[in-house]
Amino acid sequence: MALSIGIVGLPNVGKSTLFTALTNKGGLAANYPFATIEPNVGIVPVPDARMDRLAEIDNPDRIVPATVEFVDIAGLVEGASQGEGLGNQFLHNIRETDAICEVVRFFSDPDVTHVSGKVDPTSDVETIKTELVLADLATIEKAKPRLEKEAKRGKDAQKKLDAVLKVEEGLNEGKRALQLDLSDEERDLIYDLHLLTMKPMLYIANVDEDALNADLAEIDGVTPVPISAKIEAEVAELAEVDPEEAASYLNDLGLEESGLARLVREAYKLLGLQSFFTSGPMEVRAWTIPIGAKAPQAAGTIHTDFERGFIKAETASFEDYSQYNGEKGCRDAGRLRQEGKDYVVQDGDVMHFKFNV
């Protein structure tokens with residue numbers, strides 16, 4: 001499963017600069033609203049140092065990391081839900097992503113204009129939240145006549161209408177749908193509305209260089225990830241020429257990893273995702289699965305036949321695979337386990353599936 005993240009925010013907060021740095025893709029960065037007219041899409045590998053060690057052990061023909069798709073969506077403005085700026089066109093693009101990453105301007109640069117005339121992160125976050133809430137209210141308003149008609153015909157349809165009305169009440173109180181006390185059944189019933197405020201939210205604080213290690217207050221219960229889009233752009237440019245120099249530059253700034261690595265790690269945590277590996281002389285590959293997935297589900301991410309005909313999974317932890325230098329070493333040391341259908345896959349497991357269809 002490839003993770004898709006929509007990057008949003010007000011105009012001139014550094015979205016396109018950050019997108020270009022993260023994806024090494026030339027999005028148009030300009031000092032005026034709506035520099036991004038069509039959503040730029042970039043697919044980037046998930047940074048994971050464990051794959052380097054697996055490749056060192058198995059010397060594969062190819063290395064295939066997990067990927068994240070970033071969608072750079074044009075700056076939203078107050079009134080976007082009513083069509084202001086480029087409005088609903090971009091709200092539609094957000095609906096297709098797994099999560100929303102809002103870039104919030106913390107940096108102070110008098111040469112970059114702010115759409116509201118001043119740097120005010122709290123106000124900026126509230127503006128975006130309001131537009132997403134209003135967009136969802138419009139979606140519900142459009143769907144209600146049909147739902148009310150269907151509710152007269154059966155109990156299941158009435159349950160769906162009740163769930164939608166419950167969400168509508170919460171949205172009118174200024175709450176995001178994800179924050180409401182909904183049962184699993186209610187969440188399933190409203191899924192096909194694809195409400196924007198049901199999507200998990202990440203926040204990037206686009207900070208000045210001297211605030212990269214700052215402790216920032218939570219936004220909507222989520223701690224923002226401090227990243228300097230300007231620094232990330234410089235690191236990305238340097239990495240194309242000299243990766244070691246880029247790593248040294250990050251180290252000089254007191255950073256152990258790139259902004260991309262931090263962002264992806266936080267996205268995985270927010271969405272409850274983890275990675276397992278397949279490793280051998282042909283290929284080392286990372287696969288993304290939900291935390292709590294069982295062995296047959298993990299097998300199904302490779303091919304549906306693997307899940308349908310699952311027999312067992314030969315499994316070693318990454319730590320054992322590294323320590324004992326591969327599958328043979330794990331087998332000889334008694335560290336290669338035979339796991340069945342009820343095994344809950346752990347982050348970093350190296351797996352080989354047996355199946356029959």
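Glu168 is placed in helix H5 (residues 155-172), where helices (H or I, at least four residues) and strands (E, at least two) are DSSP runs numbered from the N terminus. The model is a predicted one, in which local features need pLDDT of at least 70 and side-chain atom pairs count only at pLDDT 80 or more, while totals for chains, interfaces and linings use all residues. Residues are numbered from 1 along each chain as its sequence is written, and side-chain values use heavy atoms, with hydrogens and water left out. Glu168 counts as buried at 13% relative accessibility; buried denotes under 20% relative accessible area, exposed over 50%, and partly exposed the range in between (1.4 Å probe, protein chains only). Leaving aside residues up to four places away in sequence, Glu168 touches Leu137, Ile140, Glu141 and Lys144, contact being defined as heavy atoms within 4.5 Å.

The protein chain contains 13 helices and twelve strands. Of its 357 residues, 49% count as buried. Contacts between residues at least 6 apart in sequence join residues at least 24 apart in 65% of cases.

Six strands form an open sheet with mixed pairing, in the order E2-E4-E1-E5-E6-E7; two strands pair if DSSP finds at least two bridges between them. Strand E2 (40-45) and E7 stand at the edges with a single partner strand each, so one side of each has no neighbour in the sheet. On average, neighbouring strands of this sheet are turned by 25° against each other, direction ignored. Axes are lines fitted to C-alpha atoms, for helices over the stretch in contact, and angles between N-to-C directions run from 0 to 180 degrees. Helix H4 (residues 121-151) packs on the sheet and touches E5 and E6, its direction making about 150° with that of E5.

Strand E1 (residues 3-8) runs parallel to E5 and is joined to it by four bridges, with Cys101 in E5 as the bridge partner of Ile7. Strand E5 (residues 99-105) pairs in turn with E6 in the parallel sense over six bridges, and Ile100 stands opposite Met201 in E6. E6 and strand E7 (residues 225-227) are also parallel, joined by three bridges; here Ile204 stands opposite Val225 in E7. Strand E6 (residues 201-206) is largely enclosed by the rest of the structure, because six of its six residues are buried. In a regular strand the side chains alternate between the two faces of the sheet. In E6 both faces are covered, with Met201, Tyr203 and Ala205 buried on one side and Leu202, Ile204 and Asn206 buried on the other.

Helix H7 (residues 229-241) and helix H8 (residues 243-252) have axes that come within 6 Å and cross at roughly 150°. H7 is therefore roughly antiparallel to H8, a class that covers angles over 145 degrees. Ile231, Glu234, Val235, Leu238, Ala239 and Val241 of H7 make the contact with Pro243, Glu245, Ala246, Tyr249 and Leu250 of H8.

Most residues other than glycine have a negative phi. Asn12, in the loop between E1 and helix H1 (15-23), has a positive phi of about 65° and is buried, with a relative accessible area of 11%. Asn325, in the loop between helix H12 (318-323) and helix H13 (327-332), has a positive phi near 60°.

Methods:
Parallel < 35°, antiparallel > 145°, perpendicular 65-115°, else oblique.
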